[in-house]
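Please consult the sequence and the structure shown below while reading.

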Amino acid sequence: MFLKNKKIILGITGSIAAYKAAFLTRLLVKEGAQVKIILTPYAKEFITPVTLATLSKNTVLCDFFYHDDGAWNSHIELGLWADLFLIAPATANTMAKMANGVCDNLLLTTYLSIRCPVMIAPAMDCDMFQHPATLKNIQTLKSFGNVFVEPASGELASGLIGKGRMEEPEVIVKHVADFFSKTKKLSGKTFLVTAGPTYEHIDPVRFIGNHSSGKMGYAVAEKLAENGADVILVSGPSHLNVMHTAIKLYKVTTAQEMYDVCKKYFSKSDGAIMAAAVADYKPATINIQKIKKTEQNHNIILEPTVDIAAFLGKIKKKNQLLAGFALETNDEFSNAKKKLKAKNFDFIVLNSLKDEGAGFYTDTNKITIIDKHNKTEKFELKSKAEVASDIVNKISTFF
Ligand code: CTP
């Protein structure tokens, strides 16, 4: 529920993309938003108020007043109610009027009097979109501080191919969610997060790896982004996908590749959360050809990989946060405390394979956070998303 209790006015204008507004309304409501809809008179030709009223659970507004009893639809009150005015689809005509202060319908009067941020998702034919008049209007609206969800390229209702198709409702909802999360406690901060295993090549078909799924690191990355941060997620091999648009994913395979990306981005980050299960050793040489089976024992000489966390701990500046994980099977506390000190972490997240529901294979985890001042907090068994929330709460105390 990214949008719980957020108040959104959805303005719909007369474009064929208006049919997508039904899906958009449904998704916004599903994410917890309260949605009030304003249609321009032409929008009613493309989508019915009944459909939208049913989906939004609110009366749909179109005219300045009700013809039956003269009741007035106050655009001023509407404007004061909203946290966001989302106009999707926005036609070239409506944008031209918005850019020039024309207010000949309820949507436009609401736009002129609104105090909350405005987000616009244009929809039109590619030639209309490229026309200097439209581009100039978009520039003007941007200069007013209005936020744009750029239209996508592809096949248009006219049959032409080009840029102008309104973005899909899922993408627009993501933009809305990201927009709101920017006002959260970690907005303006950037974090580096490592996740997943690393694979160290033996030959072209074999590697040394581990059972890490990446779930914990990805969950931390998502929570950081939900709290307004930009995230650079450096992930070893994992089947997981990134949901939040504020997360930039770098896929790597080996410890060395993970190190190279971390080294590049750490200085630009406010902190790093080291959730990857990095291989401690790699084959000293990688066989170029596949190693053939023989009757003899086969030895592989292993050499240590680079310790990424320890390296970042050495170069860390005072205003940067560094947090690590310790997955232990025995002497959990003393091992975790040793790592906390050795790698110069500000805090370490300890989980023990002795705890049922903790570790690699599960969707849950049971953690203890130990910080550099020896403050220890134990948490119950929770879903990895909830555990990520606890970790992000701890991160927030440093900023
Ligand atoms: N780590 C890292 N680079 C490595 C090894 C570990 O960044 N080459 C990070 C992990 O992401 C984790 C922390 O260091 O945040 C501790 O990792 P862990 O594997 O538990 O510790 P090691 O130092 O490898 O010690 P050991 O495997 O002997 O327990």
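In which sense do strand E6 and strand E7 pair, and over how many bridges? Strand E6 (residues 152-155) and strand E7 (residues 161-165) pair in the antiparallel sense, over four bridges. Two strands are said to pair if DSSP finds at least two bridges between them. Helices (H or I, at least four residues) and strands (E, at least two) are DSSP runs, numbered from the N terminus. Within this pair, Glu 155 has Ile 161 in E7 as its bridge partner. E6 and E7 form a hairpin with five residues between them, and Gly 159 in the turn has a positive phi of about 100°.

**Basis of the report**

The model is predicted: local features need pLDDT of at least 70, side-chain atom pairs count only at pLDDT 80 or more, and totals for chains, interfaces and linings use all residues. Residues are numbered from 1 along each chain as its sequence is written, and side-chain values use heavy atoms, with hydrogens and water left out.

**The chain as a whole**

The protein chain has 13 helices and 19 strands. Its C-alpha trace spans about 90 × 50 × 35 Å along the principal axes. Of the 399 residues of the protein chain, 50% count as buried; buried means under 20% relative accessible area, exposed over 50%, and partly exposed in between (1.4 Å probe, protein chains only). The protein chain exposes about 20,000 Å², of which carbon and sulfur atoms supply 53%. Accessible areas come from the Shrake-Rupley method with a 1.4 Å probe, and for residues only the protein chains shown count as cover.

**A parallel sheet and its core**

Five strands form an open sheet in the order E2-E1-E3-E4-E5, with parallel pairing. Strand E2 (34-39) and strand E5 (147-148) stand at the edges with a single partner strand each, so one side of each is left without a neighbour in the sheet. Strand E1 (residues 7-12) pairs with strand E3 (residues 84-90) over four bridges in the parallel sense, and Ile 9 stands opposite Phe 85 in E3.

In soluble globular proteins, nonpolar side chains tend to be buried together. A nonpolar core is a set of buried Ala, Val, Leu, Ile, Met, Phe, Trp, Tyr and Cys residues joined through side-chain atoms within 4.5 Å. The largest such core has 33 residues, of which Ile 12 and Leu 86 touch the most other members. At least two residues of this core come from each of E1, helix H1 (20-30), E2, E3, strand E4 (118-122) and helix H8 (169-181). Apart from this core lies another, of 31 residues, among them Leu 321, Ile 369, Phe 379 and Val 387.

In helix H4 (residues 92-100), the residues Ala 92, Thr 94, Met 95, Lys 97, Met 98 and Ala 99 are buried. These buried residues pack against E3, helix H5 (106-113), E4, helix H6 (126-130), helix H7 (132-143) and E5, where contact means heavy atoms within 4.5 Å. Gly 101 follows H4 and has a positive phi, near 75°.

Helix H11 (residues 308-315) has Ile 308, Ala 309, Ala 310, Leu 312 and Gly 313 as its buried residues. Their cover includes strand E8 (190-195), helix H10 (255-266), strand E13 (271-274) and strand E16 (321-328). At the N-terminal end, Asp 307 caps H11 through a side-chain oxygen that lies 3.3 Å from the backbone nitrogen of Ala 309.

**Buried or exposed?**

Lys 394 is placed in helix H13 (residues 384-396). At 8% relative accessibility, Lys 394 counts as buried. Leaving aside neighbours within four places in sequence, Lys 394 is in contact with Phe 347, Ile 369, Asp 371 and Glu 377. By contrast, Glu 356 is exposed, with a relative accessible area of 76%; its place is in the loop between strand E17 (347-352) and strand E18 (364-371).

**The ligand**

The ligand is surrounded by 13 residues, the closest being Met 274, Ala 276, Asp 280, Lys 339 and Lys 343; a residue is counted if one of its heavy atoms lies within 4 Å.

| Residue | Atom of the residue | Distance to a ligand oxygen |
|---|---|---|
| Met 274 | polar backbone atom | 2.7 Å |
| Ala 276 | backbone N or O atom | 2.7 Å |
| Lys 343 | polar side-chain atom | 2.6 Å |

Taken alone, the ligand exposes 560 Å², and the protein buries 77% of that.

Technical notes: A polar contact is a pair of N or O atoms within 3.5 Å; within protein, one must be able to donate a hydrogen and the other to accept it, and residues adjacent in sequence count only if both atoms are side-chain atoms.
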